[in-house]
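This report walks through one protein model, from its cores to its loops. Keep the sequence and the structure in view while reading.

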Amino acid sequence: MDSSAKPGHEKIVRRKLSEQVLERLHEMIRTHELKPGDYMPSERALMERFGVGRPAVREAMQSLHNSGLITISHGERSRVNELTAGSVLTQSDELARLLLDSAPANLDHLKHARQMFELGMVRVAAETATEADVADLRALIDRQRAMLGDATAFIATDMAFHRKLAELANNPIILSVSDAMLGWLFEYHVSLLHRSGSEDVTLAEHAKIVDHIESHDVAGAIEEMRRHLERSRVSFEPHGSPEDQADP
């Protein structure tokens, strides 16, 4: 019997040099030896530091670039990027699209997650919104009303309204997750917007939500948002009825 297969024995797997270089570079960024905005060491400096050839360094650097940790620009030295919740989620955009395209159920799951997320956001908004916040929300409703007849602009302004609610949580991760979910849904919604017929209902519902936020009526704001999202829940279904096609 092969001794490597015996209990207690772990098979040693040789790793590519580029993977080891990548691990070292990750550590340099994690420990802030390399900080956001810093230039990356030259290829020659990294070759000498790690005792490897140019191909291993280049492959590791390309992996860092692909993951968004650094930016490689032709004719310029590579720089370390500043990591934010938004930049991390942006890196997953293509994977998210593939996930949503792979099975209709995934889109349903995203809509459900977005609904739970928005109910939490509107709770915070009703608890903490200032007069200036309320004025901003009402201005967005007015701007959206002015976009009637322009499908893409109407939905973009709708997204801005919901983004403002996310901003009121004063949490960059919440804002970035909200942006990501709305962005993923936006692609599906615009293609169906020609069947829209309830923009006026959307505007009225937004106004009611803001009324509850202004009066700090937490329960009322949550219930109005729940109805609002439930009505538009099927707006991304190809076979949804026209009255359901209005709000992202």
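## The main core

In this predicted model, the largest nonpolar core holds 26 residues. Val122, Leu137, Phe161, Leu165, Val210, Ile213 and Met225 have the most contacts inside it. The largest share comes from α8, with 6 residues.

Val122 shows how such a residue is placed. Setting aside neighbours within four places in sequence, Val122 contacts Ile209, Ile213, Ala221, Ile222 and Met225. Two of these partners, Ile213 and Met225, are also listed among the residues with the most contacts inside the core.

## A second core

A separate core of 19 residues also exists. Among its members are Met28, Ile29, Phe50 and Ile70.

## The α1 and α2 pair

Two packed helices are described by the angle between their axes and the distance between the axes. How do α1 and α2 cross? The axes of α1 (17-30) and α2 (43-50) come within 12 Å and cross at roughly 105°. Angles of 65 to 115 degrees count as roughly perpendicular, and α1 and α2 are therefore roughly perpendicular to each other.

On the α1 side, the contact uses Val21, Arg24, Leu25 and Met28. On the α2 side, Leu46, Arg49 and Phe50 meet them. By type, the residues of this contact divide into 5 nonpolar, no polar and 2 charged. Met28 and Phe50 take part in this contact, and both are also included in the second core.

## Ala60 in α3

Ala60 lies in helix α3, which spans residues 54-66. Is Ala60 buried or exposed? Its relative accessibility is 1%. Buried means under 20%, so Ala60 counts as buried.

Which residues does Ala60 touch, not counting those up to four places away in sequence? The partners are Ser18, Val21, Leu22 and Leu25. Val21 is 39 residues from Ala60 along the chain, yet their C-alpha atoms are separated by 6.1 Å. Val21 and Leu25 also belong to the α1 residues that meet α2.

## Two loop histidines

His32 sits in the loop between α1 and α2. Phi of His32 is near 65°, a positive value in a residue other than glycine. His32 has a relative accessible area of 52%. The cut-off for exposed is over 50%, so His32 is exposed.

His216 sits in the loop between α10 and α11. Phi of His216 is also positive, near 55°, again in a residue other than glycine. Relative accessibility is 42% for His216. Partly exposed covers values between the buried limit of 20% and the exposed limit of 50%, so His216 counts as partly exposed.

## The whole chain

How many helices and strands does the protein have? There are 11 helices and 2 strands. In sequence order the pattern is α-α-α-β-β-α-α-α-α-α-α-α-α.

The protein has 248 residues, and 38% of them count as buried. Among contacts with a separation of 6 or more, 69% join residues 24 or more positions apart. The accessible surface comes to about 14100 Å². Carbon and sulfur atoms account for 55% of that surface.

Conventions
Residues are numbered from 1 along each chain as its sequence is written. This is a predicted model: local features need pLDDT of at least 70, side-chain atom pairs count only at pLDDT 80 or more; totals for chains, interfaces and linings use all residues. Side-chain values use heavy atoms; hydrogens and water are left out. A nonpolar core is a set of buried Ala, Val, Leu, Ile, Met, Phe, Trp, Tyr and Cys residues joined through side-chain atoms within 4.5 Å. Buried means under 20% relative accessible area, exposed over 50%, partly exposed in between (1.4 Å probe, protein chains only). Helices (H or I, at least four residues) and strands (E, at least two) are DSSP runs, numbered from the N terminus. Contact means heavy atoms within 4.5 Å. Accessible areas come from the Shrake-Rupley method with a 1.4 Å probe; for residues, only the protein chains shown count as cover. Axes are lines fitted to C-alpha atoms, for helices over the stretch in contact, and angles run from 0 to 180 degrees between N-to-C directions. Angles under 35 degrees count as roughly parallel, over 145 as roughly antiparallel, 65 to 115 as roughly perpendicular and the rest as oblique. Ala, Val, Leu, Ile, Met, Phe, Trp, Tyr, Cys and Pro count as nonpolar, Asp, Glu, Lys and Arg as charged, and the others, Gly among them, as polar.
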